[in-house]
Amino acid sequence: MSEATITVLPGDGVGPEVSAQAVKALRAVEKRYGHTFTLHEGLVGLDAIAAEGSAISDATFETCAQSDAILFGAVGALPAAEHRADGPRPEQALFRLRKEFGFFANLRPVRPAEALYEASSLKPECLKGADMVFVRELSAGLYYGHMETVPGKPSEIRQRGGRTEAVDTLLYTEEEIERVVRVAFDIAAGRRARVTSVDKANVLSSSVLWRQVVDRVAADHPGVTHEHMLVDACAMRLIRTPAEFDVIVTENLFGDILTDEASMLTGSIGMLPSASLGVRRTAGGRFGLYEPVHGSAPDIAGQDAANPVGAVLSAALLLRHSLGLEREAAAVEEAVEDVMRDGYRVPDLHDEGCTVVGTEEFGRLIVHRL
Ligand code: ATP
Ligand code: MG
């Protein structure tokens with residue numbers, strides 16, 4: 001049995017609704033497998049700004065620092081009327097967490113549920129067997145190349161020699177590549193033992209270095225096969241033959257684009273979980289932040305209509321990557337699949353012959369399965 005401390009930051013919009021289902025799933029795992037999870041809840045985003053004056057208070061931040069993992073809902077956008085140039089903004093919470101905890105690997109599993117093949121943009125025969133994990137580098141690359149560039153703020157456009165120009169720098173150090181590639185090989189070792197490293201080595205120097213590091217790390221993992229693939233070829237193959245991928249590792253911008261593309265295989269943005277792994281080690285893996293891929297979805301907030309699957313599957317990733325509880329993670333994933341197979345759907349995926357239920361009820365069905 002394990003003991004773990006988890007900070008829950010439900011946030012704005014549908015964040016609290018979907019986070020509540022993820023918490024229910026964690027409590028069910030705790031009970032069934034005899035673990036002890038201590039859960040702390042904190043304010044983040046709009047509520048934190050209203051109550052505490054910033055998107056995440058020092059106290060909440062400190063609670064996170066004392067935890068094994070963070071379960072995050074979503075943060076919304078400030079209403080235009082409340083915008084002040086130097087005022088706090090909800091998204092600053094994520095920037096601060098990312099920066100201080102050094103999240104460098106963003107994991108996004110994409111496994112279209114068989115029951116949802118019809119909802120996907122692809123033909124069912126293409127999707128059969130599709131089950132991949134993206135490992136996107138999150139701390140460097142084009143988004144950070146310039147020291148003076150603040151994350152989330154576009155780099156400056158400037159005047160030089162009578163012309164208007166803008167420059168972004170794609171910078172990677174060997175260490176930045178190596179640590180994320182190691183995460184990818186470790187994950188592959190526990191799956192189908194296949195790594196696809198995606199780059200643009202026919203054009204970019206950073207990709208040439210990337211390939212060298214991947215080949216070197218691969219030598220430490222004789223049980224894992226690996227290949228290099230150009231990003232344009234990868235974009236095509238994700239649509240044509242998605243089942244051929246196991247673990248895909250790539251730099252920041254390529255990962256940003258490819259994960260959005262691959263997300264369309266699953267039918268709805270509400271289905272997708274994510275993990276951001278940091279530098280600190282925990283007893284069961286790495287400290288991490290776990291959140292559904294979707295945002296605060298203000299258009300459907302408060303209607304019990306949000307799909308909680310992305311949030312619940314994020315809790316499964318938390319069990320796997322921060323607490324080292326693989327069996328429990330797999331049980332949560334299986335419970336979600338079972339509920340879908342039984343014909344239950346949240347409104348975003350309603351289908352003929354299916355039973356449409358609300359967020360709460362869908363969460364209860366998952367717990368019941370667990
Ligand atoms: P934010 O500013 O927080 O990113 P957004 O509206 O830009 O919000 P999302 O929150 O990701 O982006 O929403 C995009 C669309 O997807 C919206 O129409 C929303 O209703 C829908 N959506 C997002 N999450 C879910 C969910 N969990 N279940 C169902 N629909 C969702
Ligand atoms: Mg958005």
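Tutor: Helices (H or I, at least four residues) and strands (E, at least two) are DSSP runs, numbered from the N terminus. The model is predicted: local features need pLDDT of at least 70, side-chain atom pairs count only at pLDDT 80 or more, and totals for chains, interfaces and linings use all residues. Residues are numbered from 1 along each chain as its sequence is written, and chains are lettered from A and ligands numbered from 1 in the order in which they are written.

Student: How many helices and strands does the protein have?

Tutor: There are twelve helices and 14 strands. The radius of gyration, taken over C-alpha atoms, is 21 Å, close to the 21 Å that the globule rule (2.2 Å times the number of residues to the power 0.38) gives for 370 residues, so the protein is as compact as a globular protein of that length.

Student: What does the C-alpha trace span along its principal axes?

Tutor: About 65 × 50 × 40 Å.

Student: And what percentage of the residues count as buried?

Tutor: 47% of the 370. A residue is buried if 20 or more other C-beta atoms, placed from the backbone, lie within 10 Å of its own, exposed if 12 or fewer, and partly exposed in between.

Student: Which residues have the most contacts inside the largest nonpolar core?

Tutor: Ala 25, Val 135, Ala 184, Val 312, Ala 315 and Val 332, in a core of 108 residues. Such a core is a set of buried Ala, Val, Leu, Ile, Met, Phe, Trp, Tyr and Cys residues joined through C-beta atoms within 7 Å.

Student: Which helix gives the most to this core?

Tutor: Helix α10 (residues 309-321), with nine residues.

Student: What is Ala 315 in contact with?

Tutor: Leaving aside neighbours within four places in sequence, Ala 315 is in contact (C-beta atoms, placed from the backbone, within 7 Å) with Ala 22, Ala 25, Leu 26, Leu 71, Tyr 290 and Val 332.

Student: New topic. Which residues does UniProt list for "binding site"?

Tutor: The unreviewed UniProt entry lists Arg 98, Arg 108, Arg 136 and Asp 232. They span 135 residues in sequence and the farthest two C-alpha atoms are 28.6 Å apart, so they do not all gather at one spot.

Student: Is Arg 108 buried or exposed?

Tutor: Buried, because Arg 108 has 22 C-beta neighbours inside 10 Å. Arg 108 lies in strand β4 (residues 105-110).

Student: And where is Arg 98?

Tutor: In helix α4 (residues 92-101). Arg 98 has 19 C-beta neighbours inside 10 Å, so it counts as partly exposed.

Definitions and conventions. Contact = placed C-beta atoms within 7 Å. UniProt positions renumbered as here; feature names shortened; annotations may be inferred.
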